[in-house]
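Here are a few exercises to work through with the model open. Try each one before you read its solution.

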Amino acid sequence: MIDTWLLPLILFAPVFGAVALLFVSNQQRFLVQMIAAGSSFISFILSFYLLYAYDHTIGGYQFVQRFEWSENLGIAFSLGVDGIAVPLVLASSILLFTGTFISWHIKDRLKEFYISLLILAAATIGVYVSLDLFFLYFFYELSVLPMYLLLGMWGSHTKSYNEMKDTKKRDFVGFILNFTSNSKEYAAMKLVLFLSAGAVVALLGILLIYVGSGLNTFDIPTLAKHSEFSGTMATIIWLLIFFGFASIAPLWPLHSWSPVGHAAAPAATSMLHAGVLMKLGHFSIIRVGYEILPEATRDLMPIAAVLCVFSIIYGGWVAYSQNDTKYVIGYSSSSHMGYVFLGMAALTYVSLTGAVLYMFAHAMATGLLFALAGWVYDQTHTRDIPSLGGLSKKMPFATGCFVVAVAASFGLPGTVSFIGELMILLGSWNKYPVQTIIAVLAIVVTLAYLLRMLRGVFFWEPGKTIPHETELKWAHVQDTNGFVNRMPLLVMIACTIYFGIFPGQFIDVIGSSVEPLLAKIHGGTESGVLP
Amino acid sequence: MLLAVDAIPSRVSKKIIGHLSIVGLCATLVTLIWFYVNEKTGSLFNGMYVLDTMAIYFKIFVVVSTILVASMSIDSIERFPAFKGEYYFLVLMSALGAMLMASANDLVSIFVTLEFTTFGFYILVAYLREDSKSNEAGLKFFILGAFTAGILAFGISLIYGATGKLILTDIAQEIGEPSAALIAGFLLLFAALGFKIGAVPLHTWIPDVYHGAPTPVTAFLSVAPKGAALAILLRIFFVTLSGFSAEWVWLLVLVAIISMTYGNIVAIAQRNMKRLLAYSGIAQIGNVVIGLAAANKMGGESIMFYLWAYLFANLGAFAVVISVAHVINSEEIEDYNGLNRRSPFLAFAMLLFLLSLAGVPPLAGFIAKLYIFVAAMKAGLIALVIVGLINVVISMYYYLIVVKKMYINEPSDPSPVTISPIMTVGISVAIAGTLILGIYPKPFIAWTVDATQMFNHINFITMTQSLTLPFGG
């Protein structure tokens with residue numbers, strides 16, 4: 001019984017929460033918080049159940065639910081997960097659940113905030129569980145708008161590019177598009193326009209698949225099985241799909257919306273943005289590009305292998321020269337997404353499994369980093385690393401969590417990121433040795449900017465001209481306290497470490513779907529015909 | 001088979017008339033649905049006037065839009081200086097005209113019904129006689145409208161001269177090799193109808209008239225006559241001219257591209273809500289023309305579905321404009337600052353309507369746009385779809401600017417904006433329509449498919465041969 005309704009429940013619990021919130025007044029703060037927490041808790045618990053209920057010995061799409069939506073257009077509301085979707089669904093619901101608590105203390109229009117957050121999370125989960133191209137796009141597009149409101153209404157202004165005299169600190173690709181403004185409204189609008197532009201490019205690809213296949217259906221399994229695309233058309237569609245979805249991933253040079261968006265967003269939004277929204281891109285490329293156009297994927301994925309190097313180096317380099325904590329984390333996310341692309345491009349069992357695992361790991365690590373950066377910002381009202389410092393005495397608990405987050409982010413053994421990163425690098429070595437070496441070296445850069453931030457925010461104290469200067473400066477600063485503030489951090493840390501030590505279930509689940517996918521992609525080269 | 005147009009109310013009092021007309025319209029709606037369910041069809045005056053599934057579809061469309069307009073008018077009428085009772089009469093006469101347009105099946109009845117509809121609007125647009133903007137709009141509309149009537153009559157006479165027939169289906173058989181006069185005739189006919197729907201290059205009246213007319217009239221003008229004119233366009237292009245689709249597709253592709261792009265780009269610069277909606281309406285019509293250009297049955301279905309999405313979103317948006325204008329006496333976008341704090345309901349409603357117009361899921365506009373794009377893709381018009389998609393992104397910008405003002409900016413005057421119960425009902429219906437069409441469109445799609453049965457047997461000579469997608473395998 002529960003298995004039948006598992007996916008609809010995970011998907012619609014946040015939606016129902018949002019609908020219920022519409023009828024609650026903002027005055028009843030506690031009720032608002034409880035509805036948001038309750039509905040996200042349902043998704044959270046059921047996603048864990050999903051991970052262990054998914055039968056990796058069988059593989060394929062499981063928990064499939066199908067409701068005809070429009071026979072005329074060939075659309076069905078079809079839900080189902082494979083091993084690649086399971087960890088991402090889990091990541092979404094963990095981040096939603098923890099994000100609900102992270103934003104517990106928002107004062108302005110809390111109800112509207114939670115509605116947007118729940119819709120955003122439901123939309124991302126919707127993409128992961130859709131087995132219908134139409135609904136995949138539907139949820140993808142649905143995720144953009146809540147982001148606009150979250151950034152615009154509850155965001156904070158980003159630091160002006162123009163104020164930065166040092167040109168090295170400017171993100172020049174982003175700067176070209178950043179004309180004069182640097183406000184949260186600008187960040188929100190830029191995000192929406194970038195993502196919408198990417199989405200319509202992908203939509204064109206989807207429509208070409210729909211019309212070109214002649215099957216009159218948006219059903220992904222059917223299209224994957226029966227559609228035949230080859231030659232120029234397959235290339236064109238693949239490129240549309242790839243670059244359309246890569247803009248959200250965000251692959252260099254389509255990334256410039258992302259760090260700005262991170263910096264402007266409130267903590268919980270950054271968490272979902274970096275943690276799961278960006279993975280929509282990778283996931284959709286796998287779901288649409290890999291499944292439906294395996295031949296083109298094999299031929300064209302080297303594009304990603306080239307661009308991912310730029311992502312890795314460029315993201316790391318810019319992150320190192322940023323002084324804004326959220327910019328550092330934002331660019332580090334861009335850089336880390338390059339690793340995922342490397343794993344995807346290599347198209348080996350180990351690297352692709354590692355890439356999916358790394359997506360989950362990155363969601364946890366970045367979620368932690370953003371949650372803590374948000375906490376620091378709430379307490380000190382600044383994100384400027386030079387004006388911070390010495391916070392470790394005032395907030396030991398947060399400092400401890402931040403250390404774990406940094407470790408998780410660069411992949412210390414014992415965290416799940418380590419396993420993901422290692423698998424990506426091992427798997428890619430044979431195919432792309434140059435890129436792999438660069439990626440390995442870039443880990444050092446990652447370590448450098450993360451430790452620089454850790455030191456700058458928590459440990460470093462400027463020259464003590466006045467005794468107890470730091471204590472006076474941070475007199476009103478509080479550590480994370482109480483269940484509400486600490487629990488989400490502990491949940492993310494627990495997931496990072498638990499799955500770092502016991503990744504078995506994850507790897508089995510992911511691998512069960514990666515294997516047939518790769519067989520399909522490589523099948524063509526060996527036998528000369530498509531399976 | 002006679003038509004159920006029985007809602008011409010007696011001139012009793014002022015407010016009651018409004019309610020009476022809504023009741024009358026509801027009765028008409030029920031009758032029409034009864035007609036549809038029982039498949040009552042037929043024709044009158046030797047096929048001049050037909051009642052087929054498509055006609056019923058458009059009649060229901062007109063009636064629903066009139067009901068919504070009447071419900072949002074009741075408050076406004078109270079504020080009119082004079083002629084309160086006549087307003088409903090004129091609205092209902094125009095609605096009657098638009099319903100007759102949906103059934104018009106020959107050139108003369110097209111002319112008569114079109115003018116019938118427009119006469120009501122001539123008066124309605126200039127209704128606020130103390131207001132110079134309203135007068136200006138009325139005059140502009142009248143001069144251009146009269147000019148269009150001349151063009152229409154000229155076009156009709158050319159076609160009649162060339163074929164000797166008036167009924168659309170008969171003309172289709174008579175055409176053979178088209179002569180220059182016939183082509184000119186149809187071009188003039190298209191021009192006149194293009195004026196009604198406000199497609200570029202015949203859009204120039206739209207912004208000024210929308211801006212000047214009383215807002216309920218603007219709302220009505222932006223939906224009902226456009227729908228009815230599209231019914232005629234569908235009949236002309238898909239029935240009479242179906243054999244020549246290869247020729248007229250280019251014309252429509254051009255009109256669609258220019259309308260969308262022009263409407264969207266100019267809308268960005270607007271500072272007045274009604275003008276913004278006017279330009280967005282021009283862009284929306286561009287989208288509709290994509291469906292017309294698709295020249296297949298699916299194109300017809302998608303247009304008819306799109307109209308519903310457009311009806312709810314557009315009327316809803318105008319209803320919000322009316323409600324806001326009642327309290328703050330302004331239609332400037334600047335004055336929508338912080339609407340979310342002043343009236344969460346109105347801001348939320350406006351958010352949904354604008355996003356539906358922009359085509360964001362899970363709202364009606366998203367499915368409607370997708371439907372049209374799929375139809376155009378099936379006809380092989382990839383370039384047109386690309387332009388349409390680019391325009392979706394452009395339109396996101398100016399709709400979101402309004403959203404930004406409502407949600408992000410702080411109000412200069414934080415006093416709450418209150419609305420009357422009847423307005424709340426009207427807006428709620430529009431919200432419900434927008435959401436239901438977006439989330440569960442299945443029955444509506446089935447309905448459009450059914451209503452366009454008449455296009456099934458028509459053999460389109462489309463350009464799919466020349467434009468076949470280069471798919472290998």
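**Exercise 1.** How many residues of chain A are in contact with how many residues of chain B?

*Solution.* A bit of housekeeping: residues are numbered from 1 along each chain as its sequence is written, and chains are lettered from A in the order in which they are written. This is a predicted model, where local features need pLDDT of at least 70 and side-chain atom pairs count only at pLDDT 80 or more, while totals for chains, interfaces and linings use all residues.

Step 1: count contacts (C-beta atoms, placed from the backbone, within 7 Å). You get 31 residues of chain A against 29 of chain B.

Step 2: look for the main contributor on chain A's side. H8(A) has the largest share, 13 residues; helices here are DSSP runs of H or I with at least four residues, strands are E runs of at least two, and both are numbered from the N terminus.

**Exercise 2.** Find how S1 and S2 of chain A pair.

*Solution.* Step 1: strands pair if DSSP finds at least two bridges between them. S1 (62–70) and S2 (75–81) are antiparallel, over six bridges.

Step 1: pick out one bridge. A:Glu68 has A:Ala76 in S2(A) as its partner.

Step 2: check the turn. Four residues sit between the strands of this hairpin, and A:Gly74 takes a positive phi near 75°.

**Exercise 3.** Locate the two domains of chain B.

*Solution.* Step 1: domain 1 spans 9–143 + 201–235 and domain 2 spans 242–456, with bounds from an automatic or database domain assignment.

Step 1: their C-alpha centres lie 20 Å apart.

Terms used
Two residues are in contact if their C-beta atoms, placed from the backbone, lie within 7 Å.
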